[in-house]
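Here is a short tour of one protein chain, with a few stops along the way. Have the sequence and the structure open as you read.

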Amino acid sequence: MKTSVFKPASFNKHHQPVHGDHFVHFFDKADSLVQVFCNYAIPGINRGEGIIVIASKVHQKAFTDGLIHRSIDVNRVISRGQLLIVDAHELLSLFMHKSRPDKTKLVSVVSKLLTGMKQKYSSIRAYGEMVNILTMEGNHIAALELEKIWHEMVEKEPVSLFCGYSADVLYETELSFHDVCSCHSHVVVSDGVFKVS
């Protein structure tokens, strides 16, 4: 798979996500992740696309605060069903079996999320960090399996997917930069983490 690279500041100036795009961003600080998430989500909101966020409670608040700071009426986009926020830990509990993702259950769970959103929006931008959670728990095999299943689904649905990984997974675990990037179509880098040319 050919992987392209975008810097966060120019993410949406040079590339509007299309169906099947699968992005990864390694963040060293929450501010970096929030910046890239907003660069990804806000153009989608403004273009009338649906946004699905699967994140930890800490990042859910950081993202909503980031959107509000950038003049997005979060309550309004949630109330009209354009923004759906899901707890990553709770979603993981619905399809993990013996420390591995059950593909049938995963596809069923994610399909329900997408089906609900597709009823109102023909194009969807999704953000997920379940893979990051699994990796930080040391479950690298499950994380890569989940990435591959996600990638298969993204290629079949009207959705692009943006995955957030803590840079710590590369410093403190056995998971390699290449392993993660090979599961994605695009790598979004920031100063101080990794620069790929």
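## Overall picture

Please keep in mind that this is a predicted model. The protein chain has 10 helices and nine strands. Of its 197 residues, 55% count as buried. Among the contacts in the protein chain with a separation of 6 or more, 81% are accounted for by residues 24 or more positions apart.

## Where H2 meets H3

Let's turn to a pair of helices. Helix H2 covers residues 30–46 and helix H3 covers residues 57–69. They pack at an angle of about 60°, and their axes are 10 Å apart. An angle of 65 to 115 degrees would count as roughly perpendicular and one under 35 as roughly parallel, so H2 and H3 are oblique to each other. The crossing in which H2 passes H3 is right-handed.

On the H2 side, the contact is made by Leu33, Val34, Phe37, Cys38 and Ile42. H3 brings His59, Ala62, Phe63, Gly66 and Leu67 to this contact. By type, the residues of the contact of H2 with H3 divide into eight nonpolar, two polar and no charged.

## Two cysteines

Cys38 is one of the H2 residues in that contact, and is it buried or exposed? With a relative accessibility of 2%, and with under 20% as the cut-off, Cys38 counts as buried. Cys163 is buried too, its relative accessible area being 2%.

How many disulfides does the structure hold? The number is zero. For context, a disulfide is a covalent bond between the sulfur atoms of two cysteines.

Ser71 and Ile42 are 29 residues apart in sequence, and the distance between them in space is 9.7 Å, C-alpha to C-alpha. Ile42 is also one of the H2 residues that make the contact with H3.

Asn139 sits in another loop, between helix H7 (130–136) and helix H8 (140–156). Why does Asn139 count as buried? Its relative accessible area is 18%, and buried means under 20%, so Asn139 falls in the buried class. Which residues does Asn139 contact, leaving aside its neighbours within four places in sequence? They are Met96, Ser99 and Leu134.

Key:
Residues numbered from 1 in each chain as written. Predicted model: local features only at pLDDT ≥ 70, side-chain atom pairs only at ≥ 80, totals over all residues. Heavy atoms only, no water. Disulfide = S-S within 2.5 Å. Buried < 20%, exposed > 50% of the residue type's maximum accessible area, 1.4 Å probe, protein only. Axes fitted to C-alpha atoms, helices over the stretch in contact; angles between N-to-C directions. Helix = DSSP H or I, 4+ residues; strand = E, 2+ residues; numbered from the N terminus. Parallel < 35°, antiparallel > 145°, perpendicular 65-115°, else oblique. Left-handed = near helix turned anticlockwise from the far one by under 90°. Contact = heavy atoms within 4.5 Å. Nonpolar A, V, L, I, M, F, W, Y, C, P; charged D, E, K, R; others polar.
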